[in-house]
Amino acid sequence: MIQFFHVSKRYPGGQTALDQVSFEIARGQFVFLTGPSGAGKTTLLRLIFREETPDDGQILVNGRNVASIPPRKIPYLRRTIGVVFQDFRLIPRKTVFENVTYLPRVLGCDSKQQKQLAYQALRRVGLAHRMNAFPLELSGGEQQRVAIARALVNEPEILIADEPTGNLDPDLAREILRLFLEVNLRGTTVLLATHDRDTIQRVGRRVLALDRGRLVSDHELAGSDPPEISLPPAEAPPPGAPGEAASTAALEAPADFDVGPGAPTASAGKPGAAEGAP
Amino acid sequence: MTLLQAVRYFLREATVNLLRGFRVSLVAVLTIAVSLLLGGSFLLASRNLAGSVTRWRGEMRVVVYLKPEATSQDLARLAAEAAREPWAAGVEAVSAPEARTRFQHVFPTLADLVEGAQDDPLPASIEIGLRRDQAARSGLDRRLAAWRRRPEVAMVDDDREWLAQLETAISVVRGVGLVLGGILLGAAIFTIGSVIRLTAYLHHEEIAVMRLVGATEFYIRGPFYAEGLLQGLLGGALASGGLYTAFRLAHSRGAASLLPSLFAAEFLTARQLAALVAVGALAGLLGAVSSLRREPL
């Protein structure tokens, strides 16, 4: 799904953001990307949706070499990737509905389709009743849920999030994290950047750790207190779909993975947590 | 998204932007309207002057003025000779008393000037209409030179000379109009470009989101191009309306005076008006395109 091969990125002035980073994320995985501020997390995410281009190495997203995509094709790549930021990036003068339906409008959906898609996406984040509200009328957690709904409205194959809980208090952060896990349960590959080690320890999952631009660790972590996530029967994915196994049971990290920093990259290329969950 | 859907979206967004930034948009629209009004005024003046010249060319004539000592026999003989000239379309011999009567008739307020004179103050003349097909030929110049050398002839007045001067004046009017209109249009393009840049800046967050979700550059820039186009269209329409109002005012206040009849006898044609509005629209579009090209969104 996402493959990095010896990717390096340097910013003008010689600052190295990423240095020879290689990893592979399979379809349906839930992956934490962690590291201290300035480790290169944001740069790595921006490379995936081609906000940046690498100086060296190759990046494949769904088998497509992202670096060599011509500029006019970049929008088509981005339509397959949902992106969520720490600062939500909602447009204050637009309603929740308008914020969520940017992509359907771009795709030329009529107003009925737009309403349908917005309703579905907002229902998934529990905000279908706030469709006509303006972002500033919502709490921080609700705003982030709207941002998630916007990222999900087109059922993207990949959802990447850059510190999505950074601006939220612990309860709201937990709620938002639960949403990402639910999204993953439905089969979407999730890559979530955070420096909140407590959350990672609690939830578990595969963890990529960056430090000063280098990938210092790629390991699976069993969560100490993983949230129980399940989908309503009506929303459960069809048999054989990614996440299908996990949808019927509480989501817990598999216990047979090595844990702790520096563990070997046992999970690289393997099915994600959603698929691999018992 | 189909092209029609995109165009509808562009126009809707552009209209919202225009209304939201009403004051700055108004400046841009007025700038383009003033430049087009000026250009349109010169176009109107040169068009009417050119029309007058064409009309006068159809009535072109050569007037041969005789010396005071020339007799009525000389007048008749020379008129007969003139009638045989191949370029003559018609000949009228005007005797000195007839010239005085005509002057008194045409200029009744100046009749006193010729009233008391014992001798006829105006010379006898031969008015020779020019055949249009012969007017441009060099043979005519040679024949007129021969007429000027005749002992009975005091002077020869050739309409073509002042018509040529008038045509030069029209070219100057057109040139000045083009230069002034061009300079003002450049200023209008710059103003529209600045307004569009400002609008784009005000929307930079939204543009970033649109880019993030996968909107194409065409989709992102389209509303701004449409906004420039609309500003230009509005400016062009405003200039056309202003020009027509000025035209009606000029006619209602001085229909018989020389200036309206010379410079504004007829209004611009529908095609010329459409061209004026189209130039406005094009200028608006150019302003938008150039501003977004200089400063990528």
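I began with strand S7 of chain A, residues 158-162, and found it mostly covered, with 5 of its 5 residues buried. Buried here is under 20% relative accessible area, with exposed over 50% and partly exposed in between, using a 1.4 Å probe and protein chains only. Strands are DSSP runs of E with at least two residues, helices are runs of H or I with at least four, and both are numbered from the N terminus.

A note on the source: this is a predicted model, where local features need pLDDT of at least 70, side-chain atom pairs count only at pLDDT 80 or more, and totals for chains, interfaces and linings use all residues. Residues are numbered from 1 along each chain as its sequence is written, chains are lettered from A and ligands numbered from 1 in the order written, and side-chain values use heavy atoms, without hydrogens and water.

Next I looked at the faces of S7(A). A:Ile158, A:Ile160 and A:Asp162 lie on one side, A:Leu159 and A:Ala161 on the other, and all are buried.

Then I checked the neighbours; two strands pair if DSSP finds at least two bridges between them. S6(A), residues 81-85, pairs with S7(A) in the parallel sense over 5 bridges. I saw A:Val83 opposite A:Ile160, and A:Phe85 has A:Asp162 as its bridge partner. S8(A), residues 189-193, also pairs with S7(A) in the parallel sense over 5 bridges, and A:Leu159 stands opposite A:Val190.

Last, I looked up the whole sheet. It is open and mixed, with 6 strands of chain A in the order S6-S7-S8-S3-S9-S10. S6 and S10 (214-222) of chain A are at the edges with a single partner strand each, so one side of each has no neighbour in the sheet.
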